[in-house]
Amino acid sequence: MADERDLQEAVARFVRAFGLHQPDQTPCGQPVPVSEAHALGELARDGALRQSELAHRLKLEKSTTSRLVTQLINRGWAERVPAPGDGRGRLVLLTEQGALAAARLAEARAQRFSAVLDRVPAAERADVLRALTILTEAIDDT
């Protein structure tokens, strides 16, 4: 029966195999820090977001998210704009360059995940996805 050491080792192997331990490039090999790639993905999917909402989605502290947004702005990929109907509120949204960067990342991610999925036997794909879902939910509950 598997114990916490088995899980720890399996997760560590997955992190290394997928390249998640390399913070300055995405697992799909793009030269973008992983946190920036995730932020671009959230903003590309849902449009302008409050910085606090972005922090919540990325599971990052507000100060970390603030630095992250500043990095995106410095790259020319995002901007802060006033929130409609809220004099003090600000939204983060992608610039045209940011949308292009997000699209490139999405394409690279799709190719990487397709290649990985092709290597999983078809009869086991649903089990793999279910196991990842169960593991993610267990982590989210802690």
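What follows is a short exchange about one protein chain in a predicted model.

Trainee: What makes up the secondary structure of the protein chain?

Mentor: The count comes to six helices and three strands. Read along the sequence, the pattern is α-α-β-α-α-β-β-α-α. The C-alpha trace spans about 55 × 30 × 25 Å along its principal axes.

Trainee: Why is lysine 59 called exposed?

Mentor: Exposed means over 50% relative accessible area. Lysine 59 has 64% relative accessibility, so it counts as exposed.

Trainee: Where does lysine 59 sit, and what is its phi?

Mentor: Lysine 59 is in the loop between α3 and α4 (62-74). Its phi is positive, about 60 degrees, although lysine 59 is not a glycine.

Trainee: How many residues does the protein chain have, and what share of them is buried?

Mentor: The chain has 142 residues, and 25% of them are buried. To be called buried, a residue must have under 20% relative accessible area. As for the surface, the chain exposes about 9800 Å². Carbon and sulfur atoms supply 54% of that area.

Trainee: Which residues are in contact with glycine 76, leaving aside its neighbours within four places in sequence?

Mentor: They are Thr95, Gln97 and Gly98. The word contact is used because heavy atoms lie within 4.5 Å. Glycine 76 itself lies in the loop between α4 and β2 (78-83).

Trainee: What distance separates the C-alpha atoms of glycine 76 and aspartate 140?

Mentor: Those atoms are 33 Å apart, and the two residues are 64 positions apart along the chain.

Trainee: What share of the contacts with a separation of 6 or more comes from residues 24 or more positions apart?

Mentor: Such residues account for 40% of those contacts in the protein chain.

Trainee: Now the largest pocket. What is its volume, and how many residues line it?

Mentor: The volume is about 1400 Å³. The lining has 37 residues. Phe14, Phe18, Leu20, Phe113 and Leu132 lie nearest the centre of the pocket.

Trainee: What makes a residue part of that lining?

Mentor: A lining residue has an atom within 4 Å of a point of the pocket. The elements that give two or more residues are α1 (4-18), α2 (34-46), α3 (51-58), α5 (96-118) and α6 (125-140). The largest share, eight residues, comes from α6.

Trainee: How does the lining divide by class?

Mentor: There are 25 nonpolar, five polar and seven charged residues. Phe and Leu count as nonpolar, so the residues nearest the centre, Phe14, Phe18, Leu20, Phe113 and Leu132, are nonpolar.

Technical notes: Residues are numbered from 1 along each chain as its sequence is written. This is a predicted model: local features need pLDDT of at least 70, side-chain atom pairs count only at pLDDT 80 or more; totals for chains, interfaces and linings use all residues. Side-chain values use heavy atoms; hydrogens and water are left out. On a 1 Å grid over the protein atoms alone, a cavity is a set of points where a 1.4 Å probe fits but cannot get out, and a pocket is an open set with protein on both sides within 12 Å along at least five of seven lines; lining residues have an atom within 4 Å of a point. Grid points are joined across faces, edges and corners, and a volume is the space filled by probe spheres set on the points. Helices (H or I, at least four residues) and strands (E, at least two) are DSSP runs, numbered from the N terminus. Buried means under 20% relative accessible area, exposed over 50%, partly exposed in between (1.4 Å probe, protein chains only). Accessible areas come from the Shrake-Rupley method with a 1.4 Å probe; for residues, only the protein chains shown count as cover.
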